[in-house]
Amino acid sequence: AYDEAERLPRTLEESLAHLSTTRRGPWEIIVVDDGSHDSTCEFVAARLAAEPRLRLLSSGRGANRGKGAALAAGAAAARGD
């Protein structure tokens, strides 16, 4: 996610609701913040306590490494299959 503070709340809430009602067994959502300058990281961090299946990885403010690196970091951090 890069500067997605406006779009991420709706997308994340819809994804959480969908997975909560349709998935059996363990699942997780990993948000990789790729150096956002907005409140993307803060929004996700605020949701972590309420949703234990949500995880946040951050490359650090301003450290934009690109979509490929963010996808690779999320895949490497995944706990499932």
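User: Is Arg7 buried or exposed?
Analyst: Good place to start! This is a predicted model, where local features need pLDDT of at least 70, side-chain atom pairs count only at pLDDT 80 or more, and totals for chains, interfaces and linings use all residues. Residues are numbered from 1 along each chain as its sequence is written, and side-chain values use heavy atoms, with hydrogens and water left out. Buried means under 20% relative accessible area, exposed over 50%, and partly exposed in between (1.4 Å probe, protein chains only). Because Arg7 has 60% relative accessibility, the label is exposed.

User: Which side chain meets Arg7 in a salt bridge?
Analyst: A salt bridge puts a side-chain nitrogen of Lys or Arg within 4 Å of a carboxyl oxygen of Asp or Glu. Here the N to O distance is 2.9 Å, and the partner of Arg7 is Glu4.

User: What is the N to O distance between Glu13 and Arg47?
Analyst: Glu13 lies in helix H1 and Arg47 in helix H2 (residues 40-47), so their pair ties together parts that are 34 residues apart in sequence. Helices are DSSP runs of H or I with at least four residues, strands are runs of E with at least two, and both are numbered from the N terminus. The side chains of Glu13 and Arg47 meet in a salt bridge at 2.7 Å.
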